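User: I am new to reading protein structures, and I would like to learn how to look at one feature at a time. Could you take me through an example?

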Amino acid sequence: MTTIPVTLGMPRARALDEVSVASLGRPGEPLVDRFGRVHRDLRISLTDRCSLRCTYCMPEQGNEWLAKSSILTLDEIVRVARVAAGDGVTTFRLTGGEPLLRPDIVEVVRRLGEITGPDGRPVELAMTTNGIRLPELLPGLAAAGLRRLNISLDTLRRERFRDLTRRDRLDDVLAGIAAAAASGLRPLKLNAVAMRDVNDDELVDLVEFALAHDAELRFIEQMPLDAGHTWDRSRMVTRDEILAALSTRWHLTPVPGRGGAPAERWMLDGGPQTVGVIASVTAPFCGDCDRLRLTADGQLRNCLFARREVDLRAPLRAGASDEELAELVIAEMWAKKAGHGIDRPDFEQPERPMSAIGG
Ligand code: SAM
């Protein structure tokens with residue numbers, strides 16, 4: 001089979017590495033990469049702005065915000081999402097920055113919730129949020145089609161929360177979690193980044209808190225995605241340390257059937273309650289990754305840690321057809337690497353911090 005360099009005829013599209021053209025998918029087919037992974041989960045970042053300044057994510061001051069004119073409009077987001085759904089994406093997760101800061105958030109949810117896949121089934125709509133505006137927005141979001149929520153909560157202690165997020169807003173986050181718990185949206189998940197000498201004495205308390213709110217706690221290993229590029233592997237709390245801490249309180253039994261999910265899960269004392277750990281650093285799950293990401297300024301990323309992006313905003317604004325957009329998405333999937341490579345000596349942290357990629 002001949003391999004030739006593929007250049008798509010779109011503005012600002014880049015030539016791919018040498019690939020077999022015959023292997024590339026076509027618009028309307030599932031988004032498969034060269035390792036056979038099928039991509040079904042699109043993370044859509046709605047803004048890079050946030051109401052918190054978590055130390056592991058954003059700088060205290062001096063962040064370089066995306067230009068307002070570069071942020072995708074609602075219609076542009078819907079275009080890309082529709083194209084992705086046409087290529088077999090079945091879940092949209094809205095994130096940021098803080099997605100609830102977007103003034104048109106209810107309308108975003110409503111419009112995305114109307115999208116169906118080639119089989120006519122509606123997409124599944126989920127959101128990752130710090131919860132701060134949830135009490136006022138949740139009824140509208142649920143009515144508009146939001147189905148699942150992940151809320152971030154790293155500590156239950158007010159001063160610690162203020163130090164960690166540089167904002168005194170723990171009460172607002174807790175009110176958001178209470179609103180989510182009272183709503184019918186399930187499963188409800190709470191995300192906590194485990195950090196040494198910051199909140200590693202609270203791991204059991206955080207799980208207890210989640211259980212009291214009919215939620216699953218999911219611990220995340222801290223990743224090299226901070227704005228200051230100060231991440232230090234030797235300082236991070238590992239999956240094994242998290243499990244050891246939880247084992248002092250519960251007997252943990254693995255939940256089988258993880259599929260492409262980022263979290264490994266364990267039953268607590270035989271279940272049905274569970275806890276999860278997202279061990280992106282010490283136990284990467286790249287081999288089952290089914291995710292692609294759209295940044296708020298319209299760049300498509302095939303990996304959280306990618307150092308390349310493909311621009312969809314310029315083609316969108318230059319009048320590209322759905323088929324042309326789909327070709328760009330397909331090509332970007334084909335360029336996806338086997339793994340994020342955090343453990344490789346040549347690993348380089350992405351330029352963008354997590355807040356500008358979309359977590
Ligand atoms: N503002 C929303 C929130 O707080 O959930 C959504 C965006 S936030 C970037 C999404 C998730 O990424 C949060 O759970 C946050 O804790 C996590 N996160 C951010 N930076 C991280 C890092 N360096 N390592 C691990 N998780 C991180």
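Predicted model: local features only at pLDDT ≥ 70, side-chain atom pairs only at ≥ 80, totals over all residues.

User: In which sense do β5 and β6 pair, and over how many bridges?

Analyst: β5 and β6 pair in the parallel sense over five bridges, and the bridge partner of Arg 43 in β6 is Arg 93. Further along the sheet, β7 (residues 124–129) and β8 (residues 148–152) also pair in the parallel sense, over four bridges, with Leu 149 of β8 as the bridge partner of Met 127. Four bridges join β8 to β9, which run parallel, and here Asn 150 has Lys 189 in β9 as its bridge partner. Seven bridges join β9 to β10, again running parallel, and Leu 188 stands opposite Ala 215 in β10.

User: How many residues of β5 are buried, and which way do they point?

Analyst: Five of the five residues of β5 are buried, so this strand is largely enclosed by the rest of the structure. Asp 41, Arg 43 and Ser 45 point one way, while Leu 42 and Ile 44 point the other way. Strand β9 is mostly covered too, with seven of its seven residues buried.

User: Which residues touch the most other members of the largest nonpolar core?

Analyst: In soluble globular proteins, nonpolar side chains tend to be buried together. The largest nonpolar core of this model has 103 residues, and those touching the most other members are Ile 44, Phe 92, Leu 112 and Phe 219. Helix α1 (residues 74–86) supplies the largest share of this core, eight residues. If we take Ile 44 as an example and leave aside its neighbours within four places in sequence, its contacts include Ile 77, Ala 81, Phe 92, Leu 112 and Leu 294.

User: Now the helices. At what angle do α1 and α2 pack, and how far apart are their axes?

Analyst: The angle between α1 and α2 is about 30 degrees, with their axes 10 Å apart. Angles under 35 degrees count as roughly parallel, which makes α1 roughly parallel to α2. The contact is made by Leu 74, Asp 75, Ile 77, Val 78 and Ala 81 of α1, together with Glu 107, Val 108, Arg 111 and Leu 112 of α2.

User: What is the angle between α6 and α7?

Analyst: α6 and α7 pack at an angle of about 70 degrees, with their axes 9 Å apart, and that makes α6 roughly perpendicular to α7. Leu 203, Val 204 and Val 207 of α6 make this contact with Ile 242, Ala 245 and Leu 246 of α7. Among the buried residues of α6 (residues 203–212) are Leu 206, Phe 209 and Ala 210, and the elements that cover the buried residues of this helix include α5 (170–182), β9 (188–194) and β10 (215–221).

User: Finally, is Leu 66 buried or exposed, and what does Leu 66 touch?

Analyst: Leu 66 is found in the loop between β5 and α1, and at 16% relative accessibility it counts as buried, because the cut-off for buried is under 20%. Not counting residues up to four places away in sequence, Leu 66 touches Asp 48, Arg 49, Ile 71, Ala 296, Asp 297 and Arg 352. For another loop residue, consider Gly 25, which lies between β2 (18–19) and β3 (31–32) and which, at 24% relative accessibility, counts as partly exposed.

Technical notes
Residues numbered from 1 in each chain as written. Heavy atoms only, no water. Pairing = 2+ DSSP bridges. Helix = DSSP H or I, 4+ residues; strand = E, 2+ residues; numbered from the N terminus. Core = buried A, V, L, I, M, F, W, Y, C linked by side-chain atoms within 4.5 Å. Buried < 20%, exposed > 50% of the residue type's maximum accessible area, 1.4 Å probe, protein only. Contact = heavy atoms within 4.5 Å. Axes fitted to C-alpha atoms, helices over the stretch in contact; angles between N-to-C directions. Parallel < 35°, antiparallel > 145°, perpendicular 65-115°, else oblique.
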